Structures are given as C-alpha cells and as structure tokens.
Amino acid sequence: AAFVHDRRLYQVGGLNGNPAGANTPLGDVISANIRRDGSLGPWTTAGQLDSAYATHGAFVHGGFVYVAGGVENNRRFTGVVQRAPLRPDGSLGSWEPCEPLPQARGHVHHLPVVGDVVYSAGGSRNRQVIADVSLGSLR
C-alpha cells in the first residue's frame, strides 16, 4: 500500500520475492520526500507495523495513517484495521487497533475517503471474489 502526505511518498509493508514461492514479508513503512520536479529523495524508515501485510490498503485522515485488510505475514487473510499518528518529521507514532473490516480479505488496494466515511470496495479471499462495499465511520 502507498499514500502521500505532506510532500512525502510512503510505502507500507508488502513482501520481497515471489508471492507464491520464496519471499520475505515486509513490515516496515518507508518514505521519501517528493521534490519540486517530481523526483524522490532517498528512502528512509518511517515506522514499523506489528506484522507484515501485503495486498492491504492505506489512507490518511485526521492526522493518522490507516492500514486495513490484506494478507498477514503471507499466511492468512485479515480484516484488521489499525492507525498510527503522522508526526511532523514524517515518522509514524505507535499503531493502535480500530474497528475491523466486516470480513477478512486481501486486495484492499483502494480505500477512498469522503468526509468522515471510508469505503472498502471488493477484494478477495481464498481465490473467491468479494463483491461487497463496506463503509466505515471515521469520527
């Protein structure tokens, strides 16, 4: 998952290698400054997740970054939602749990926010398409 905040590009978790073969799950959050010409500065560590997540989603609202769903530690689908404060220096504070998604799912790539409502549309779990749309309140 990726997001932009205060002229920084963030990359959240993922995995290194073949998803169906040899890989290393990643639980770090890295970021790079976005320069005026659109190029990126060097990547630095901004924080660490409690577990490694892939095919999850992320979004920013009210000074927090939220991470939802995905495949946890490349072993199981999850409905976990958690958030961490975005600090002025670009680093992240401690993660705290939020209300989970209605069902565990991966491929939660986009989580659009309108006002104080976040939408989670679709996804998959165990090779089955999930075609529902879930709404969450961010108050």
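**Close-up views of a predicted model**

**View 1. His56 is buried, with a relative accessible area of 2%.** Buried denotes under 20% relative accessible area, exposed over 50%, and partly exposed in between, computed with a 1.4 Å probe on protein chains only. The structure is a predicted model, in which local features need pLDDT of at least 70, side-chain atom pairs count only at pLDDT 80 or more, and totals for chains, interfaces and linings use all residues. Residues are numbered from 1 along each chain as its sequence is written, and side-chain values use heavy atoms, with hydrogens and water left out. His56 belongs to the loop between β5 (53–54) and β6; strands (E, at least two residues) and helices (H or I, at least four) are DSSP runs numbered from the N terminus. The His56 side chain reaches the backbone oxygen of Val12 at 2.8 Å.

**View 2. Four strands form an open sheet in the order β1-β2-β3-β4, with antiparallel pairing.** Two strands are taken as paired if DSSP finds at least two bridges between them. The edge strands, each pairing on one side only, are β1 (2–5) and β4 (44–48). On average, neighbouring strands of this sheet are turned by 30° against each other, direction ignored; axes are lines fitted to C-alpha atoms, for helices over the stretch in contact, and angles run from 0 to 180 degrees between N-to-C directions. Strand β2 (residues 8–17) runs antiparallel to β1 and is joined to β1 by four bridges. Ala2 stands opposite Gln11 of β2.

**View 3. β12 and β13 form a hairpin with two residues between them.** In the turn, Gly115 has a positive phi of about 65°. Strand β12 (residues 113–114) and β13 run antiparallel and are joined by two bridges, with Val113 opposite Val118 in β13. Leu135 in β16 is the bridge partner of Tyr119.

**View 4. The largest pocket holds about 370 Å³ of space.** Pockets are found on a 1 Å grid over the protein atoms alone, as open sets of points with protein on both sides within 12 Å along at least five of seven lines; a cavity is a set of points where a 1.4 Å probe fits but cannot get out, and lining residues have an atom within 4 Å of a point. Grid points are joined across faces, edges and corners, and a volume is the space filled by probe spheres set on the points. Of the 23 lining residues, Glu99, Val118, Gly136, Ser137 and Leu138 lie nearest the centre of the largest pocket. Two or more residues each come from β6 (57–61), β7 (64–68), β10 (81–85), β13 and β16. β16 gives the most, with four residues. The lining comprises 14 nonpolar, six polar and three charged residues, where Ala, Val, Leu, Ile, Met, Phe, Trp, Tyr, Cys and Pro count as nonpolar, Asp, Glu, Lys and Arg as charged, and the others, Gly among them, as polar.

**View 5. About 270 Å³ of space lies in the second largest pocket.** Its lining has 15 residues, of which Pro19, Ala54, Thr55, Val71 and Asn74 are the closest to its centre. At least two lining residues each are supplied by β2 and β9 (76–77). β2 gives the most, with four. By class, this lining has six nonpolar, seven polar and two charged residues.

Notes
Polar contact = N/O pair within 3.5 Å; in protein donor to acceptor, adjacent residues only side chain to side chain.
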